[in-house]
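Please open the model in your viewer and keep the selection tool at hand. The tour below moves from one selection to the next.

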Amino acid sequence: MDIPFDEGSPSPLAEESRPVPPNSLDLNGSHPGKKKLTAPEISLSLDQSEGSILSDDNLDTPEDLDINVDDLETPDEADSLEYSGQGNELEWEDETPSAINTGREVAEPIPEYTAEEERIDNRLWRTVVIGEQEHRIDMKAIEPYRKVVSHGGYYSDGLNAIIVFAACFLPESNRPDYNYIMENLFLYVISTLELLVAEDYMIIYLNGATPRRKMPGFNWMKKCYQMIDRRLRKNLKSFIIVHPSWFIRTILAVTRPFISSKFSSKIRYVSSLAELEELIPMQHVQIPDTIRECEEEKCKKRRMRLDEELKEASDTTNRLSIESEASSDEQVAETTLDKHIE
């Protein structure tokens, strides 16, 4: 049976002579980057005129037209068609669409927060609770000054802690960030006391080898005392100041009106490490080398001063002895002369 074809419909011979479109991309680079295929004109009008998709010619299907679906070629997944929106041209892209081709912005990937970075961040900042208030301590800022407070072991029976405060490790007051460092250092000292102290305790304040520019100010010491927890104030049994200077004595005298009489009675001055060793066990007390050298220098000067005083005393004694002997000789000579005269 012959299938009639209209004049506007292509014949089977014309379809056979048309080149078959490729079903895969040529990856050997033998064709240009883009291929443009021209689509046939299609009328989308809803009337049944000639050439319309609703015309009788397009709707009629021959009964003996056998179409094998398996023989139909479908485009590969790698093939991509891009509708340009102008005319009837379809654009065949060889490359993966990018931000330039698609017009979309490529979002930058969010950097992953590794466990090492989290550990470092936790080391840089520490959150503490002091007086029912939460504070954050900049651990990086106070890193060079963390030796200012240390644990010196225990005394007597039980967990009576010895807390050592070395003023020589304090920052110099001429630093531009001095107030910021001292504020964070203050929080670090108070939080460390709460961690180290379980029962009664004493504080050893090492004032030796500390120049005036490193001495803590009055406001800082007052703030420390005011923010110390009541438990810490009550359990403090002794506050020993080693190598006290006139400045620290003056500071304590000025702060006396702001502290309780009980706290004032706990303050004790010690002039040497040897005297301190008579009061507490020194096995675990870490004394900075600068303080030991400072004490040796003071002891050397003290010995020299004592030697000079002894020498002066000896010279005075010798002079008095000579004068006494001379006076005695004169008296003997006068007595002898008197006897001869008689």
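Predicted model: local features only at pLDDT ≥ 70, side-chain atom pairs only at ≥ 80, totals over all residues.

Begin by selecting Phe 165, Tyr 205, Phe 239 and Phe 263, which together form one aromatic cluster; rings of Phe, Tyr and Trp (its six-membered ring) pair if their centres lie within 6.5 Å, and planes under 30 degrees apart count as stacked, over 60 as edge-to-face and the rest as tilted. Residues are numbered from 1 along each chain as its sequence is written, and side-chain values use heavy atoms, with hydrogens and water left out.

By the pairing rule there are four aromatic pairs. In one of them, the ring centres of Phe 239 and Phe 263 are 6.1 Å apart with planes at 45°, so the pair is tilted.

Next, show the nonpolar core, a set of buried (under 20% relative accessible area, 1.4 Å probe, protein chains only) Ala, Val, Leu, Ile, Met, Phe, Trp, Tyr and Cys residues joined through side-chain atoms within 4.5 Å. Among the 44 residues of the largest one, Ile 163, Leu 185, Tyr 201 and Tyr 205 touch the most other members.

Centre on Leu 185, which, neighbours within four places in sequence aside, is in contact (heavy atoms within 4.5 Å) with Ile 142, Tyr 145, Val 148, Leu 170 and Pro 171. A second, separate core of 18 residues includes Ile 162, Met 202, Ile 240 and Val 242.

Finally, colour by confidence: the protein chain averages a pLDDT of 74, and 60% of the residues score at least 70. Residues 80-93 stay under 50, and the model has 31 contacts for them beyond four places in sequence.

Technical notes: Buried < 20%, exposed > 50% of the residue type's maximum accessible area, 1.4 Å probe, protein only. pLDDT = per-residue confidence, 0-100.
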